[in-house]
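Keep the structure open while you read.

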Amino acid sequence: MYDNNPTLVGIKKEIDEAKQGQVFYDEKALANVEKPSNGKHFYIESYGCQMNFSDSEIVASILSEVGYRPTRAMEEADLILVNTCSIREKAEETVRQRLRIFDKMKRQRPGTMVGVLGCMAERLKAKFLEEEKLVDMVIGPDAYRDLPNLVAGAEEGERGVNVLLSREETYADISPMRLDSNGVSAFISIMRGCNNMCSFCVVPFTRGRERSRDCFSIVSEAQDLYERGYREVTLLGQNVDSYRWENPETQEVVNFANLLEMVALVHPDMRVRFSTSHPKDITDEVLHTIARYENICKYIHLPVQSGNSVVLERMNRTYDREWYMERVQAIYRIIPECAISSDIIAGFCGELEHEHKETVSMVEWANYSMSYMFFYSERPGTLAARKYPDDVPMEVKKRRLQEIVDKQNEVSLRHNKADIGKTFKVLIEGDSKKSDRQFKGRNSQNKMIVFPKVNGLKPGDYAWVKVTGATSATLMGEVSFP
Ligand code: 5AD
Ligand code: SF4
């Protein structure tokens, strides 16, 4: 559907994100909650990146500890929360549309409280309460511990804001309540904030300074997940390669390669993924660690943003085309079976036609298995908004985006077709979208493989699957042996 419609291509990610907004709860979600229910329910929707979804699980845990219980039904909620994203204008529009719906709900059920969490809360702060008259609470990403106070205030009719950013908060001691879970894979947040200053990006302003979480709390969260039947963890951070935690007792420093190894050692059957890597920071040490452990997935999300060095300079990415290409070569040299994916922005300020063509050629050269592709959306307050005019006309942005998407589709199809005849170890996640007679799961390279069910296999098991067919998005296969 998106492939043939240029106006839809750029918003595919946002639509996916809106779909993600729907909430499902892990049936085991309440198992660890100690505080009895107060009879009240919260409903939470999340938009944006995986980090936001992970934060919602922390919020759910904090609320459960004061007696609130999750519900899938907005109509029965006493408290409606929306965890928001500011990355592109479209993401913010989606949230505003949802707020209209929550407003209606509030009118039908007076007393229902509505809270805005996350990046939009941080960006707009108290302005939210002026603009959206029916919002009761505005809480930034570092202030979730204050949620019980703000909810108590809202129960008394007070409207509250807490958007303080912190240099220390990592929520390390909070055991997330797994939401939206298949019981097989879970996110673990390893750091918060971002110290890079990419000129297009709002994140440094909404999530504050970078800080890393105590590595022992990360490992124990992974162990706990393994014991509860999970078989895959994704370590999350805006820039995982700059993870750095210093043990206050021994002064020993743990870097990302060390952390990866510690988590990989939790159990050989527990897969480890991570996101997002930054081309300027990903080291050979990290690559060798990935190569050394079978259970560290051979997949790296390495956003290039642009394939042209002049544009990269304006984006303040602190690497150029050659540096990026050297890192890609290092990945394929050290981990030959690795798949690489990317984020790409079309039509950044001042982008010329030949500069755009270098982005298209990078998709081909780097042989990305997939990419998230966007057209540039100016964000108020960012370096680019202050420094460079948003001067590429919308129709040019969309045409360039379409050219990148077309190239990526071609490369993805070729990448997937090259897997036909190969056999992969697949972690079964559940039924395929189309049929309950088929399972879906991922291989180490993060490719989704769909295959007919075989007696005795269930979600959370590994299966060896031989690939028999491929589209640009999915592999089809059948259970086989290596
Ligand atoms: N406009 C368009 N895309 C953006 N991204 C970040 N900021 C913007 C923006 N202002 C993209 C980048 C980033 C991904 C999460 O979103 O590609 O890697
Ligand atoms: Fe959106 Fe970025 Fe905030 Fe994630 S960190 S929710 S992508 S603005």
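Gln 305 sits in the loop between strand E14 (299-301) and helix H12 (309-314); helices (H or I, at least four residues) and strands (E, at least two) are DSSP runs, numbered from the N terminus. This is a predicted model, where local features need pLDDT of at least 70, side-chain atom pairs count only at pLDDT 80 or more, and totals for chains, interfaces and linings use all residues. Residues are numbered from 1 along each chain as its sequence is written, chains are lettered from A and ligands numbered from 1 in the order in which they are written, and side-chain values use heavy atoms, with hydrogens and water left out.

Gln 305 has a positive phi of about 70° although it is not a glycine. Gln 305 is also buried, with a relative accessible area of 7%. Buried here means under 20% relative accessible area, exposed means over 50%, and partly exposed is in between (1.4 Å probe, protein chains only).

Asn 367 is another non-glycine with a positive phi, of about 55°. Asn 367 lies in the loop between H14 and E16 and, at 26% relative accessibility, counts as partly exposed. For context, most residues other than glycine have a negative phi, and most peptide bonds are trans.

Which form does the peptide bond from Ser 275 to Thr 276 take, cis or trans? That bond is cis, with omega near 5°. Thr 276 belongs to the loop between strand E13 (271-275) and helix H11 (284-292).

## Burial, residue by residue

Here are some relative accessible areas side by side.

| Residue | Relative accessible area | Class |
|---|---|---|
| Val 467 | 2% | buried |
| Ser 369 | 7% | buried |
| Gly 456 | 73% | exposed |

What does Ser 369 touch, leaving aside its neighbours within four places in sequence? Its contacts (heavy atoms within 4.5 Å) are Tyr 299, Ala 339, Ile 340, Ser 341, Gln 408, Ser 412, His 415 and Lys 447.

Val 467 is part of strand E20 (residues 462-470). Not counting residues up to four places away in sequence, Val 467 touches a set of residues including Asp 419, Ile 420, Gly 421, Lys 422 and Phe 424, along with Ile 449, Leu 475, Met 476 and Gly 477.

Gly 456, the exposed one in the table, is found in the loop between strand E19 (448-452) and E20. Gly 456 and Ala 418 are 38 residues apart in sequence and 30 Å apart in space, C-alpha to C-alpha.

## Strands and their partners

Strand E10 (residues 232-236) is mostly covered, with five of its five residues buried. Glu 232, Thr 234 and Leu 236 are on one side, Val 233 and Leu 235 on the other, and all are buried. E10 runs parallel to strand E7 (residues 185-189), joined by five bridges, with Ile 188 opposite Leu 235. Five bridges also join E10 to E13, again in parallel, and there Val 233 stands opposite Val 272. Two strands count as paired if DSSP finds at least two bridges between them.

Elsewhere, six strands form an open sheet with parallel pairing, in the order E2-E1-E3-E4-E5-E6. Strand E2 (69-70) and strand E6 (160-162) stand at the edges with a single partner strand each, so one side of each is left without a neighbour in the sheet. Three bridges join strand E5 (residues 137-139) to E6 in parallel, and Met 137 has Gly 160 as its bridge partner in E6.

## Zooming out

The chain has 16 helices and 21 strands. Its radius of gyration is 22 Å, close to the 23 Å that the globule rule gives for 482 residues, so the chain is as compact as a globular protein of that length. That radius is taken over C-alpha atoms, and the rule is 2.2 Å times the number of residues to the power 0.38. The C-alpha trace spans about 60 × 60 × 55 Å along its principal axes.

Of the 482 residues, 57% count as buried. Among contacts between residues at least 6 apart in sequence, 74% join residues at least 24 apart.
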